[in-house]
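Reader: I'd like to learn how to read a model like this one. Could you walk me through a few features, with the general idea before each case?

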There are 2 protein chains.
Amino acid sequence: MRIAQIPPLCESTPPRLYGGTERIVAYLTDALVDLGHEVTLFSTADARTRARLVAVRDQAIRLDPNPLKSELAAHLSMLQEVRRRADEFDVLHFHVDMLHFPLFEDCAGRTITTLHGRLDLKDLPEVYRRWPQYPLVSISHQQREPLRFAHWAGTVAHGLPADLYRPHPRPKGHYLAFLGRMSPEKRPDRAIAIALASGMPLKIAAKVDVADRAYFHEVVRPLLDSPLVEFIGEIDDGAKETFLGNAAALLFPIDWPEPFGLVMIEAMACGTPVIAWNCGSVPEVVDDGVNGFIVDSEAEAVQAVRRLGTIDRRQVRAVFERRFSAEIMASNYVDLYERRCRVAPALPAWPLAYEAG
Amino acid sequence: MRIAQIPPLCESTPPRLYGGTERIVAYLTDALVDLGHEVTLFSTADARTRARLVAVRDQAIRLDPNPLKSELAAHLSMLQEVRRRADEFDVLHFHVDMLHFPLFEDCAGRTITTLHGRLDLKDLPEVYRRWPQYPLVSISHQQREPLRFAHWAGTVAHGLPADLYRPHPRPKGHYLAFLGRMSPEKRPDRAIAIALASGMPLKIAAKVDVADRAYFHEVVRPLLDSPLVEFIGEIDDGAKETFLGNAAALLFPIDWPEPFGLVMIEAMACGTPVIAWNCGSVPEVVDDGVNGFIVDSEAEAVQAVRRLGTIDRRQVRAVFERRFSAEIMASNYVDLYERRCRVAPALPAWPLAYEAG
């Protein structure tokens, strides 16, 4: 199939540092190429991909040092370019929330839109009611809850290339790991409380965003005094495998409806089980007792730390390969693409913007 | 004429506190009603207007205490509602930058888009090249510089209702005034330097945004020690007339290409002259020696303070009434609307979104 992938332009695809959506689109794009499809990635010139790249900006927006830039303008230009070339593709796969809705009404039937964010925002229901023609994909079933009425075409879990992280059946460290943003929803304070209560060392690898500085200084920093707790700052992709692979478990004590939680499957790819709060997508990612434990309180989390010996780390990796590889993700999307193409086999002639006026 | 006004939804129209674009749209809308036109304002339910109001959200976004909201979604919903009703209007007047471009391609000829912001952003030229069919209005000639090639239909200066501020021919205070955001581009530090060098008291009424707190604490606060300088915080609309009207002059020592500079005409409405840097729209708003002075350096600004006695404050007000009243602004826009309607007299039948698929 001829497939267009349209990620946001905020980070590179894949991101140089932090960034979830563009990373998943990079993995999906390469996996679709590996499955034999003809894939075009609309992105920035600094993208790394095995697909054909259409570069619509010199570099990703967030790390562009020029302060005089417009995220909205950059995305609208990209979308207009996608529209101009729309009849080169059988399927257009969008990852830019709802920004493309006004531009592709004439061919909504052969689009797929994956929603990557939380959906419990006040202004969203109205938009999804006004543009019901776009088939949507959720990244967990739970993510759909606030927009149950919307036009859902399927749920596809995120996946990672199987060779991205090697399994670590015998971890070298004796510590719990926390990896993510230093923010109130991620609850690093809970991770620290669990470590202290279970007497197990905790290593925290976390980015402190400008918006989270006050939270970090007021809430988290005072808790870092214990000799059991070590804060190692932000880590890059290369350091991730060692950090996660050598941990006894990843703590994921979130306090918000996380739509997926990429770090959980990153840990699992290393064979590392996950102790996660019963919240958001967690029950769909963690098989309780198999690749981690689902808990509802700090006491339960401490219990789970004590039961880590019952988890077979080879099994954790096996579940990852079966459910969360990029290949599985790509196959699931291809199923959806094919169903789309059967629904709308004829490609409508494409009215160019300047011909329509 | 049947005119639709489409302001942003970030602030109320007019804003309850800070906010430029929505304030101007409020003045324009009421002035068009006064000129006998049939005007519809698309805005939030807390708008105050003499036009027909179509409320598309319960309240303006920025001051909505709900943190789970989406500016983009709210604006897209509004624009889709405008499109649904587009054939109720002769002219659609947009104030939302370029967000409406994908939705109104079929009737771009009977739209007018006023650009309210700075245009020297990296991503803008591409958008205005891709959607050349929209006639644009600048709020100063200088504002156009970075996008000279774009489809400019005219320049219309901002205006205020003539009765909003009374002229103060004999000001009660003996001070210079600074009014605006406490930000590096507005250069409150320059205002302080001018006051100290000319030995004249300075009153600063300024909002300190979260983004500008570091600048305020590091650069401005240390300069506030002098007995000549008084910082009175943020002031509301009611206090503005007294603050501006009793000043000997407004200092406007900006260091960025300000596209208009509303506070200059607010001062002039009170009869207060403006000492302004030769930058952005300033040469188009200040008639040097008539309603203020245009300067290129602090030394020239100090000279200008000494020459304030040569300005006739009645004349300052007279120029305001002649050039910067809301009525003048509305008449100028009506000219543009009428020219549009002559160009595109027949209204195209409107394809509804769900019929187009």
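This is a predicted model: local features need pLDDT of at least 70, side-chain atom pairs count only at pLDDT 80 or more; totals for chains, interfaces and linings use all residues.

Reader: Got it. Which residues of helix H9 in chain A are buried?

Author: Helices first, in general: an α-helix has 3.6 residues a turn, so residues three or four places apart point the same way. Now the case here. Helix H9 of chain A runs over residues 298–306, and its buried residues are A:Ala301, A:Val302, A:Ala304 and A:Val305. They sit on the same side of H9(A), because the arc they cover around the axis is only 155°.

Reader: Which exposed residues does the face turned away from the buried side of H9(A) carry?

Author: That face has A:Ala299 and A:Arg306. As for the buried residues of H9(A), they pack against two strands that follow E8 (176–181) in the list, E12 (274–277) and E13 (292–295), as well as E8 itself and helix H4 (188–198), in chain A.

Reader: Let's do salt bridges. How many does the structure hold over all chains?

Author: The idea is that side chains of opposite charge can pair when their charged atoms come close. Over all chains there are 56 salt bridges. Take A:Arg2 and A:Asp90, whose closest N and O atoms are 2.9 Å apart. A:Arg2 is in strand E1 and A:Asp90 in the loop between helix H2 (71–84) and strand E4 (91–94) of chain A, so this pair ties together parts 88 residues apart in sequence. A:Arg2 is partly exposed, at 27% relative accessible area.

Reader: And what separates A:Arg317 and A:Glu321 in helix H10?

Author: About one helical turn, because they are 4 residues apart in helix H10 (residues 313–323) of chain A. A:Arg317 is buried, at a relative accessible area of 9%, while A:Glu321 is partly exposed, at 41%.

Reader: Now the interface. How many residues of chain A are in contact with chain B?

Author: The size of an interface is often given as the accessible area lost when the parts come together. Here 36 residues of chain A contact 36 residues of chain B. The two chains bury about 3100 Å² between them, 57% of it on carbon and sulfur atoms. There are also 10 salt bridges across this interface. One salt bridge joins the side chains of A:Arg57 and B:Asp123, at 2.7 Å from N to O.

Reader: Last one: is A:Tyr18 buried or partly exposed?

Author: A:Tyr18 counts as partly exposed, because its relative accessibility is 33%. You'll find A:Tyr18 in the loop between strand E1 (2–6) and helix H1 (21–34) of chain A. Together with A:Leu17 and A:Leu63, A:Tyr18 forms a nonpolar surface patch of about 240 Å² of accessible area.

Key
Residues are numbered from 1 along each chain as its sequence is written. Chains are lettered from A and ligands numbered from 1 in the order in which they are written. Side-chain values use heavy atoms; hydrogens and water are left out. Patches are made of residues with over 30% relative accessible area and no salt bridge: like charges are joined within 9 Å, nonpolar side chains (Val, Leu, Ile, Met, Phe, Trp, Tyr) within 5 Å. Accessible areas come from the Shrake-Rupley method with a 1.4 Å probe; for residues, only the protein chains shown count as cover. A salt bridge is a side-chain nitrogen of Lys or Arg within 4 Å of a carboxyl oxygen of Asp or Glu. Buried means under 20% relative accessible area, exposed over 50%, partly exposed in between (1.4 Å probe, protein chains only). The arc is that of the directions from the helix axis to the C-beta atoms. Contact means heavy atoms within 4.5 Å. Buried area is the accessible area (1.4 Å probe) that two parts lose on being put together, summed over both.
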